[in-house]
Amino acid sequence: MRLISLSLENFRQHRSTEIHFPAGLTGILGANGSGKSTILEAIAWTLYGNQAGVTRGDTDSLIWRLAPGRSSAVCELTFAFHDRTFTVKRSQSGNKGNAELVQDGRAIATSTKAVNEKLSELLGMTHTEFFNSYFTGQKDLNFLGAIKGATERERFIAKMLGYERLTEVQGATNKPGTIRDDLSKKKYEAAKLEGSLGSLDTIEQEITTHRTELETATAKQQAVDRIVAAAIDQKTALEPQLVILETTRDQHLGLERQQHVQQANLAQVQRQIEQVTKDRSQLSIDAERYVMLSQEVANYEQMRSEYERLTSLKQSATRHADLSTRSANLQIELTQLERQLDELGDISTQLVAGEISIEQLQNQIRSTENDIQTQTRAWQEEQADLKARIKTEQQQLKKLKSQRTTITDAGEAGVCPTCERHLGEEYDPVVGNFSTQLDHSQHHITTWQSQLQSIDAAPSNLIELQAIQTQLNQTWQSQQKQQNTLTANLAKLQIFQKNLTTKQTELSNLTTEIATIPTGFDPNLYDRLTQQIRTLKPKYEDYLRLSDIPQRLAQADIQIHQLQTEQQQIINSIETTTASIDRIAFSENSYRQIKASIVTVTEQLETARQTQNQAQQQVAIATHALQISIEREAEYHRKAQDYQVARTELGLLEELDRAYTSMRSHFTDQIRPQLADNASLFLAQLTDGRYNALEIDSKYNIVVLDDGDRKPVISGGEEDIVNLSLRLAISQMITERSGQPFSLLILDEVFGSLDDTRRDNVIGLLHSLEQQFEQVLIISHMEAIKDSLNNIIRLEFDPKAQCSRVAID
């Protein structure tokens, strides 16, 4: 892996920083707090995102504190890997993040999840493994000391060297695709097959038993079949006799039902003759009364016609009086309507002028409202922006005060709260830097508070617009009220005009109708006819009711004759039916005896068939049981063969598992001596041969040898040299053996405890490692090393802009 470039925007204290990483030994130099370590943090965040331990603080702290509202922290890293070029871009805005991965100019992942999965697959290391291998800081040199126990230390180094892949392939139970999961499944399969085999002797005994049961059941079925056949023959002989008797019985019952119907019809006809004879006697009486009434009402129709003529003339006289009264009233109403129309005058012209005036006022009101909304929104947005700036700057001021207090309380022996390094000679510049930042923050707060106070009240032009709006609304309401009055009067005018036309038409129609009404009504004649008709009307109605009596009397004579004829016909039919019943000579006792015999035979047959079904079922059960036993015998032989195959495969898997265990143990046993040999070479170069060997004991503790003797006490600087040698040895082993194409090494502040000679030795050693590590980055605040480096990238903090930047020498 080789870094090509890094671009930062609003990330931590970097407002806008772009760095290009050359090959060779490159130093990233700058004073404490200049943002050097932030470069490493940005690389880690771009590659591994918001995983635990990648960055300090929460996601909000990633964004530069002076960035405009809703700004995002953006990092874009370009690197070479496997002869391909990749660009990773991440952004974070509050709780919302996004990422994109481009390979050779083509996007291959465009979401945070997809980018994380692609990079994890590409790099093949977790964040912790990556930084423990290729990133080294002074406080991280003794990385093995932070790991508890020899087993965990050995497992950590083995994992970085790729030996963990053997464990992953060997796996564990319930982890699909691994040797031990296959082994567990194969053990279960073999045990299951062994448990399901059963006993072959038991199966063979079952086959013999079921064959005997089948022979017994077959003999029983044949005996029952003979009984069923005899019952069927007996029933077949009786059934034709029953059919003949049932036919005769149906004829006999049909004739009896016919005879009952004929007798019922005869009784009904006799009752009808008696009723019709009685009705004819009453009709003779009504005929005599009809003749008497016809003489009394002879003139009733003529009197009724004259009465209806006089009634029509009476109604015409009443109508004439009503219309004359209505005509006089209409004349009065027409005079009043004409006077009211004159009073209203011309309203339409006044309405049109009022609508034009109101529309002009509404346009003025809308324009004024838009101006008020625009100026109000601008005033409120200016207030909100100043308040947000003051709140953010006050939080930063509080944080800066706390950090300066922490530094001044600890003194020169303390550590920097941002990069966690000892201050030493950097104490005064760091304290001065914090004081400058505090002054800038306080000045910003004072300036923004003064601006906020000056715009606390509404602007004068906004107040003037609100007064104009009030005056326009009052004028509009007054004119609208006048317009409503004119509209109401116009409606009245239209109603009056419509009523005038309607009443004029009605008066004309009344005059025409009065002229057409007939006259000549005689009240006295009308009263006499009314009394006569009242007296004759009941008799006339009785006369009309009896008008069909002569016809009904003749019909009664005809009906009596027809009923007497029908009576004689029914008597003859009854005699014929009785003779037919006697000829059939049906015997109910004979019928019941035959039917009882068939019922008995049928019950015997049903019982025999049930026994037959049971026998057939016993044969089927015995046959099925025998078939199952035979199949179980075949299944036993098949499972026995499968069990032998499973046992063979199980043995092979157990042998493979033991081989992987032995291989992993062999590789693990070689870690300590090989690591000690490589570290000894680096130690000899870094100490000019003062120490040329070190050992790593079984607990992974490091022991320095001085001319073959264990050195019991070494200084802090010597301890850092030993740990640095070990870290370089691990990185070299990973590069040579793991198959990962990493050619990058980053050292962060590793010179703090070294004297000048050993510092030069470290740099010389790093130059000699350029064959293994094409790109070596050294992060340091020490200017003395710059002449020993191939390239220099210098960072500085701008107190005025409150951000870090790349300095130009």
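**Close-up views of a predicted model**

At 63% relative accessibility, Ala 585 counts as exposed (exposed means over 50% relative accessible area, buried under 20% and partly exposed in between, using a 1.4 Å probe and protein chains only). What you're looking at is a predicted model, where local features need pLDDT of at least 70, side-chain atom pairs count only at pLDDT 80 or more, and totals for chains, interfaces and linings use all residues. Residues are numbered from 1 along each chain as its sequence is written, and side-chain values use heavy atoms, with hydrogens and water left out.

**View 1. Ala 585, in the loop between helix H13 (549-584) and H14.** Helices (H or I, at least four residues) and strands (E, at least two) are DSSP runs, numbered from the N terminus. Ala 585 isn't a glycine, yet its phi is positive, near 55 degrees.

**View 2. Asn 10, in strand E1 (residues 2-11).** Here's another non-glycine residue with a positive phi, about 60 degrees for Asn 10. Asn 10 is buried, with a relative accessible area of 9%.

**View 3. Helix H14 (residues 588-669) packing with helix H15 (residues 671-686).** Two packed helices are described by the angle between their axes and the distance between the axes. For H14 and H15, the angle is about 25 degrees and the axes are 4 Å apart. That makes H14 roughly parallel to H15 (angles under 35 degrees count as roughly parallel, over 145 as roughly antiparallel, 65 to 115 as roughly perpendicular and the rest as oblique). Axes are lines fitted to C-alpha atoms, for helices over the stretch in contact, and angles run from 0 to 180 degrees between N-to-C directions. Phe 667, Thr 668 and Asp 669 of H14 meet Ile 671, Arg 672 and Pro 673 of H15, where contact means heavy atoms within 4.5 Å.

**View 4. Helix H17 (residues 756-768), with its 13 residues.** From first C-alpha to last, H17 reaches 18 Å, close to the 18 Å expected at 1.5 Å a residue (the expected span is 1.5 Å times one less than the number of residues). Which residues of H17 are buried? They're Arg 758, Arg 759, Asn 761, Val 762, Ile 763, Leu 765 and Leu 766.

**View 5. Ser 804, in strand E15 (residues 803-806).** Ser 804 is buried, at 1% relative accessibility. A polar atom of the Ser 804 side chain lies 2.8 Å from the backbone oxygen of Ser 34. Leaving aside neighbours within four places in sequence, Ser 804 is in contact with several residues, including Gln 13, His 14, Gly 33 and Phe 797.

How values were computed
A polar contact is a pair of N or O atoms within 3.5 Å; within protein, one must be able to donate a hydrogen and the other to accept it, and residues adjacent in sequence count only if both atoms are side-chain atoms.
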